[in-house]
Amino acid sequence: MKKSLMWLIVGLLCLSIIGSFSLFGCAQEAAEEPAAEEEAAEEPAEEAGGLSIAIVVKNIGNPFFDVIKTGWDEALGELGDESIFRGPEQPTPEGQIEIIESLIAQKVDGFTYVANDPQSLQPICKKAMDAGIAVVGWESGIVPESRHLSVEPASAKDIGVDQVKMLAEMIDYEGQIAILSATATMANQNTWIEYMEEELEKEEYANMELVDIVYGDDVREKSYNEALGLFKTYPELKGIISPTTVGIAATARAITDEELIDQVELTGLGLPSEMAEYVHNGACKEFGLWNPIDLGYLDAYSTHYLATGEITGSPGETFTAGRLGEYTIEEQEGVENGLVYLGGLFTFNIDNIDEWKDKI
Ligand code: RAM
């Protein structure tokens, strides 16, 4: 009896402490952001949610996009919007054009896309914008009149250069290397590869030779076979860079199956969940990536704010993307629409792979 009375008193005390903390929190927020309520009154659509927002990926069945979807759904859940996830069976521009055509007919409020071929998608994206739909592109090159805003995981130059540096360290700056990419029209991989080639021209890489660039089309078996082809054509090959999550996992499997661990080194961009076993067996000792959950989350917030009119995509505008905080839209050379960067590239190796393998 006495004990329960004591717990009751302890409970009441805790409640009053928690109450005063949250009251303090509210008072502080209200003092710091006096304009927020007035703005909300002028922008009812933003507060109300209820928009339909779509994401168009390169193809379905690529686990990278399933991870992106986790963050995308999380953000739209917070915003109270409907989430539509679409992608063609194969990573082709034609499939994406059909999907965007149907999104226009459906009168969605906004969509985000990652292009299989940005030039081919430009007219349909323009048609969507002309129809009043908010359009965000991520990793889709710099193409005029094809989106209101670009969202990039990190600077394309850093993504390219970091992969060259990782491989150079692994092979002691010496020997033949190759690149195993996604499809030949994918702007993100192509831009990173341009920066890789530029980096390789520097003096410190004088003893490294880029002998080939091959394309696995972001399809597992094709990527695996392209890796086997490289081993056959270049028996002296020392390393491969694969800037695609599908390609790097397939190449790691090929290196393992062909017993080439330590003979052919591998780096690139991969998902820790798919690469952990290859970091442990030594087929890929280090690779990079940004956080795809956060990228999906930022894509969703950007598309929502464009759809509500809170932002227009012009450089200098700012917005708050939920738990990720505030972003400022930067200028992009050659196009009117601005861009936001998620952040930098993480690297994964034996020291941290187990911390990440169940997350992304
Ligand atoms: C593949 C896709 C994607 C790219 C990642 C790194 O899954 O090509 O667009 O960002 O790799």
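This short talk goes through the nonpolar cores and then the salt bridges of the structure shown above.

What you see is a predicted model, in which local features need pLDDT of at least 70 and side-chain atom pairs count only at pLDDT 80 or more, while totals for chains, interfaces and linings use all residues. Residues are numbered from 1 along each chain as its sequence is written, and side-chain values use heavy atoms, with hydrogens and water left out.

Let me begin with the interior. By a nonpolar core I mean a set of buried Ala, Val, Leu, Ile, Met, Phe, Trp, Tyr and Cys residues joined through side-chain atoms within 4.5 Å; buried is under 20% relative accessible area, exposed is over 50%, and partly exposed is in between, with a 1.4 Å probe and protein chains only. The largest such core holds 83 residues, and the members that touch the most others are Trp138, Trp290 and Phe319. If we take Trp290 and leave aside residues up to four places away in sequence, its contacts (heavy atoms within 4.5 Å) include Phe64, Trp192, Leu269, Leu342 and Ile360, and also Glu139, Pro153 and Gly344. There is also a second, separate core of 18 residues, with Ile99, Ile104, Tyr113 and Ile133 among them.

Now to the charged pairs. Counting a salt bridge wherever a side-chain nitrogen of Lys or Arg lies within 4 Å of a carboxyl oxygen of Asp or Glu, the model has 13.

One of them joins Asp73 to Lys69, with the closest N and O atoms 2.7 Å apart. Both residues sit in helix 4, residues 63–79, separated by 4 residues or about one turn of the helix; helices here are DSSP runs of H or I with at least four residues, strands are runs of E with at least two, and both are numbered from the N terminus. Asp73 counts as partly exposed because its relative accessibility is 28%, and Lys69 does so at 27%.

Which residue pairs with Glu74 in a salt bridge? The partner is Arg323, and the closest N and O atoms are 2.8 Å apart. Since Glu74 belongs to helix 4 and Arg323 to the loop between strand 11 (318–320) and strand 12 (326–328), this pair ties together parts that are 249 residues apart in sequence. Glu74 is partly exposed at 29%, and Arg323 is partly exposed at 43%.

My last pair is Asp217 with Lys222, whose closest N and O atoms are 3.7 Å apart; Asp217 is partly exposed at 25%, as is Lys222 at 33%. Finally, salt bridges that share partners join Glu74, Asp294 and Arg323 into one network.
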